[in-house]
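Okay, thanks for having me, everyone. Let me put the thing on the screen and we'll walk through a few spots together.

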Amino acid sequence: MSAEVPTESGTGAEAAQLTAEPAEATVTDFDDEAVGAGLDLLDTTHPSTITGRDRLRKVAKAVLPPLLAVVLLIGIWQALWAAALWPEDQLPAPKAVADNLWGLISTGQVLSILYVSVHRGVLGYLVGVAIATPLGLLLAKVSMLRSAFGPLLSALQSLPSVAWVPLAVLWFGPTPPTIYTVILLGSVPSIANGLVAGIDQIPPILPRVGRVLGAGALANARHILLPAALPGYLAGLKQGWAFSWRSLMAAELIANSPQLGLGLGQYLQNGSSYLDMSMIISAIVLILFVGLGVELLVFRPLERRVLRSRGLSGAL
Amino acid sequence: MTATLENPPARALTEPAVRLAGVHKTFGHGRRAVAALAGVDLEVAAGEFVCLLGASGCGKTTLLNLVAGLETPTAGELTLNTSRPAVMFQEAALMPWLTAARNVDLALRLAGVARADRPARTTELLDLVRLSGVGAKRPHELSGGMRQRVALARALASQPASATEQPALLLMDEPFSALDAINRDVLQAELLRVWRATDSAVLFVTHDVREAVRLGQRVVLLSSRPGQVVRDWDVNGLSGADELDVVDEINTRLREVISSHVG
């Protein structure tokens, strides 16, 4: 600021010269209009045109490397198995795992296993979002609440949610409420913290603009704070899902009962009981598959849309 | 460029749009209190274009925030005889997730304009700032000058469409200082055009003497720490040598005020 104080020299004088010289000549409204339009044209960014071939190349660039990495890993696995360094029950052949997976798929059992876990995960997650959103808003805007509960929430975020399982089992027994409790305790802190971080990062000028436009507290939250905090909120939502899914697996692994049905965690636990490595690896592959699927189908497109619309490209 | 001020619109002599009488603003308490404004008296007539000039830390922005209702005076009286003031900041501060048109639309919505009337009014306002074609673009796709014009359209949108009952007031806090010289030049002309078209009173904060003299009908110089009105100059319709003389005079005075802080 101080450098711009008009003191005869510096920017002020230069600007004065630029504006003063042509001013003495006849400057009509038409000139202003033409100059303005020219400036607009020069300054606007023009999106480059993308052809179909470019798009194909882009997709190939995104898909091929991870695919190759997976093929490479399976190749190493196959080689290690072929070298017979470990007994079969510790390192099964990739083919044995594939056969086990195919058995699950061909009998349709995979659908029921996935359904049991995924519907619980999604339901618990949605409830978590419903709780964490108003909680995050309150924590971000009410400084007393924040200084009281903020550190606790951050501490909860770093607590492995598996630690809650014994507690929940004693409260509710091996029933669905146990599972949901663990999911909520795992996901709510990260979603709420994400929203708080998102709100903290809002440039203070935006809510001020809201106020001079006549927005009250509620209108400001709805039209300005929430949309402005969306990138941070979305990061929290994404992390919240990851925590939900992990908490669910931990809960299913430990809390076993017919009441809970056969989910991915129980399937993994069964594999462990039967000392069946193919089952264990199949379960792990399925757990990864769900995590990756949700990331690619839900969060990646959402994130890309939100960041693109704000001119924040991101690495996506 | 001075020719633009030669035919100021005729205005009825009515109550001033803004009146500040002995306004004080102090931040903080006790020994660490800082007086930003100490007894400011200022009037802006309806439809008048007043430029508020001063060095850094003279409380120009504080004064504008008081008028905008973002802060309340510690002492003194502040009277507004206008509809809710439209405010423009140094940054465009557009909502980055909304298109240019939706930014204007949001202001209309918050001002209570019915949904059915909003699209037409949005088009009208974007036309007024010559941005008819770019309503669908987002802020990051626009240049700095265009963003400030959208901000101007948005500020105007926050005023009721029928300014018949109460005069309008536009508050601007160094809105062009972040722009390059040529963009600033174009936008100054644009602002004068919009001012004439909308009949609004303008309180324009700047630290650029030339800008103040070019735009304003009256230039008010504030001293720094605490802010007080030093003098005001009637610069309405000045051109050529007269304009340059006033610029020199104000500049000299401003330098005097700034140097008085040393020692």
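So, leaving aside its neighbours within four places in sequence, which residues is B:Val219 in contact with? Keep in mind this is a predicted model. Within chain B, the partners are B:Cys51, B:Leu53, B:Ala212, B:Val213, B:Asp232, B:Trp233, B:Val235 and B:Ile250.

Now zoom out a bit. B:Val219 belongs to the largest nonpolar core, which has 132 residues. B:Val219 is also among those touching the most other members, along with B:Leu52, B:Leu53, B:Ala153, B:Leu171, B:Leu203 and B:Phe204. The element giving the most to this core, though, sits in chain A: helix H8, residues 176-200, with twelve residues.

Okay, over to a helix pair in chain A. H4, residues 94-106, packs against H13, residues 277-309, with the axes 9 Å apart and an angle of about 70 degrees. Anything from 65 to 115 counts as roughly perpendicular, so that's what we call H4(A) relative to H13(A). The crossing of the two is right-handed. Who's actually meeting whom? From H4(A) you've got A:Ala96, A:Val97, A:Asn100, A:Leu101 and A:Leu104, and from H13(A) A:Ser278, A:Met279, A:Ile281, A:Ser282 and A:Val285. Sort the residues of that contact and you get seven nonpolar, three polar and no charged.

Last stop, A:Gln109, which lies in helix H5 of chain A, residues 109-141.

Key. Residues numbered from 1 in each chain as written. Chains lettered and ligands numbered in written order. Predicted model: local features only at pLDDT ≥ 70, side-chain atom pairs only at ≥ 80, totals over all residues. Axes fitted to C-alpha atoms, helices over the stretch in contact; angles between N-to-C directions. Helix = DSSP H or I, 4+ residues; strand = E, 2+ residues; numbered from the N terminus. Parallel < 35°, antiparallel > 145°, perpendicular 65-115°, else oblique. Left-handed = near helix turned anticlockwise from the far one by under 90°. Contact = placed C-beta atoms within 7 Å. Nonpolar A, V, L, I, M, F, W, Y, C, P; charged D, E, K, R; others polar. Core = buried A, V, L, I, M, F, W, Y, C linked by C-beta atoms within 7 Å. Buried ≥ 20, exposed ≤ 12 C-beta atoms within 10 Å, placed from the backbone.
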